[in-house]
Amino acid sequence: MSSTYTFAGKQVIIYCGIPVFAAGVLGCSLNMLVFLSLKTFRQSSCVFYLTVMSMVNIGTLFLGFFPRIMVSLFSTDGTEISLFYCKARLYFSQIFIGTSLSCYCLATIDQYFATCTRLQWQLWCNIKLAIRIIIITVIIWILHGIPYVVFYDHVVSSTTNQTTCLNTNYIFDRYRAFVTLLLLIGYFPIMIAALFGSMAFRNVQQLAFRTVPLIRRELDKQLTNMVLLQVLVSIFTLLPYTTVSAVATSTSAINDPVYQGKIQFAVTVTFVFYYISFASPFYIYFCASGRFRRQLKYVLFDIHLSRIFQNQIEPQMTLNVQ
């Protein structure tokens, strides 16, 4: 019976995971293209956080999600072959996930400050400060990931004689299960984003009664809608995997294979949902904001495609003149 759940879990990863991975990489790339192409976005500290988040989301999908797809397809992800890859994949994966969720929280906090009535709080929303915060955030996650390099190693099974990339330190294993997975990249980002996202939404409702430039007001409404919808989606994508992982960790001593098979199947399904959170921001913004859809159309067709056509026409005109 447990093998049935294992097989079903592999099918979920293959048939749901591959589309999520492909759509996520495409969506994150389009996010960066739009955010970096428009001056309005380049001057916004909130969008700066969302841009960095889109960049590290691609790394998260490649290092955190794609190896699970490889295991489901070929029963290997390469970590048992190379010790360097065993350590590096987990190390950089936690850096990317932590940085992404940090940017997600920082974007909601920034948008709350930007829509506050107090001028001194609005002054916190600037690109220079955002760059410093991101640098500090990345350094923290780099230092936090050092135990992954130290304690993960190749372990040879005494029964199957197969090599596996495993954590060899019990204390760090408990810390990773109950602190990192449950709190740092689990419940904490959800609670922080939900709190500041709801307060930013309340502030935006009062913008019509305040003297704010029209362009600034429309940008704040757009970003708040985008961030708030992302918060709502994240609750339904991040929360299930965090909760199921907590149950799986607390019941790991149960020797019932059927029960463990059901738990692992639930972990696999919610794992896909978890990574939907990193793959979905572009599609969330596309649905949340008509202004973003118009900006996407403008960037793709009026800026980049027209530039490509212009570059193709100019050499032909040169040849005709010669």
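Let me begin with a definition: a residue is called buried under 20% relative accessible area, exposed over 50%, and partly exposed in between, using a 1.4 Å probe and protein chains only. The structure before you is a predicted model, in which local features need pLDDT of at least 70 and side-chain atom pairs count only at pLDDT 80 or more, while totals for chains, interfaces and linings use all residues. Residues are numbered from 1 along each chain as its sequence is written, and side-chain values use heavy atoms, with hydrogens and water left out.

I turn to the salt bridges, where a side-chain nitrogen of Lys or Arg lies within 4 Å of a carboxyl oxygen of Asp or Glu. How many does a search of the whole structure find? There are two. In one, Arg174 pairs with Asp173, with 3.0 Å between the closest N and O atoms. Arg174 is partly exposed because its relative accessibility is 27%, and Asp173, at 25%, is also counted as partly exposed.

Asp77 and Arg89 also form a salt bridge, their closest N and O atoms being 4.0 Å apart. Asp77 belongs to the loop between α3 and α4, and Arg89 to helix α4, so the pair ties together parts 12 residues apart in sequence. Both residues, Asp77 and Arg89, are buried. Helices here are DSSP runs of H or I with at least four residues, strands are E runs of at least two, and numbering starts from the N terminus.

Finally, the backbone. Most residues other than glycine have a negative phi. Ser75, not a glycine, has a positive phi of about 60°. Ser75 sits in the loop between α3 (45-74) and α4 (83-114), and counts as exposed at 56% relative accessibility.
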